[in-house]
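Here are a few friendly notes to read alongside the model. They take up a pocket, a pair of helices and some backbone details in turn.

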Amino acid sequence: MSATEPTRRPPGTASRSRWLVRREHRPDAAVDLYCFAHAGGSPGEYARWSDDLPGVQVWAVQLPGRAVRRSEPSFTRMKPLVEAVVAAVAFDRPFAFFGHSLGGLVAFEVARALRDLGRRQPERLFVSSSPPPPLSARRATMHTLPDAELAAEMERRWGPLPDEVRSNPELLKLVLDYTRSDFELFGTYEYVPGEPLDLPVSVFAGTEERHTVRFEDWRDHTRGPVAVQFLPGGHFYLRQERRELLRRVHAALAEDTPALGPVQH
């Protein structure tokens, strides 16, 4: 079962490799892009973005409770998760954050924690289909549903689970456990007001979400410029519009890091 705060190594000794997944090793990349997945998301989906982001070292953040970390208890509270990330990852060269949905809130809080610790800040924060804090007190309580109801609700919202998951009780239980923990992480998140960040924020969302969330309110959380952009689709627009999204991400990264240069077509 999930735990609120897994046992962790002391700050500075956590293993970077446990937390980060990459597809290609690019030691000479001009900028690192750390990707924080949506609730129940797989880091592999984001690691594959390196194919469309030349010159960028793409890192997908891998949380406990899934994949090679399936034996570790998942986080269900934001503060200990953020503390674990900043203890594990050095962020020692130019970098940016991308977070989708729940991942956007995690990326935002990690950026704030780094700032409060006097550490290097992201060149830019990309938030995708992510509601700006503070969140409504009336949030979904999907994490309280029994397994069968949770699986049914996930399929109602986001489509059928893969056959290999549905047909394997052990794998289905694993997926439901870490997804439940992610939903609890979202459902219990409480924003603590603080000074705005000092960095540009790019906000992306699907056109079907345009009137469901006040994405423009991300402007309250930075003194830097904020650009809100919509691409065709719903909450997972980034799958059908991957190429265009990553073209825009690369262009923004090149604007912040001139050494990256433009995409070569």
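1. A pocket, on a 1 Å grid over the protein atoms alone, is an open set of points where a 1.4 Å probe fits, with protein on both sides within 12 Å along at least five of seven lines. Grid points are joined across faces, edges and corners, and a volume is the space filled by probe spheres set on the points. The second largest pocket comes out at about 430 Å³.

2. A word on the source: this is a predicted model, where local features need pLDDT of at least 70, side-chain atom pairs count only at pLDDT 80 or more, and totals for chains, interfaces and linings use all residues. Residues are numbered from 1 along each chain as its sequence is written, and side-chain values use heavy atoms, leaving out hydrogens and water.

3. Which residues lie nearest the centre of the second largest pocket? They are Lys79, Val82, Glu109, Arg112 and Val192, out of 20 lining residues (those with an atom within 4 Å of a point). Helices here are DSSP runs of H or I with at least four residues, strands are runs of E with at least two, and both are numbered from the N terminus. α3 (78-88) and α4 (102-116) each supply at least two lining residues, and α3 gives the largest share, six residues.

4. By class, that lining has nine nonpolar, two polar and nine charged residues. Nonpolar covers Ala, Val, Leu, Ile, Met, Phe, Trp, Tyr, Cys and Pro; charged covers Asp, Glu, Lys and Arg; the others, Gly among them, are polar.

5. Next, the helix pair: the axes of α5 (residues 147-158) and α7 (residues 169-187) come within 11 Å and cross at roughly 75°. Axes are lines fitted to C-alpha atoms over the stretch in contact, with angles from 0 to 180 degrees between N-to-C directions. The two helices are therefore roughly perpendicular (65 to 115 degrees). Contact (heavy atoms within 4.5 Å) involves Leu150 and Met154 of α5 and Leu176 and Phe183 of α7, among others. By class, this contact has six nonpolar, one polar and three charged residues.

6. Finally, the backbone. The peptide bond from Pro133 to Pro134 is cis, with omega near -5°, and Pro134 sits in the loop between β5 (125-128) and α5.

7. Is Phe91 buried or exposed? Phe91, in the loop between α3 and β4 (95-100), has a positive phi of about 50° and is buried (under 20% relative accessible area), at 3%.

Conventions. Angles under 35 degrees count as roughly parallel, over 145 as roughly antiparallel, 65 to 115 as roughly perpendicular and the rest as oblique. Buried means under 20% relative accessible area, exposed over 50%, partly exposed in between (1.4 Å probe, protein chains only).
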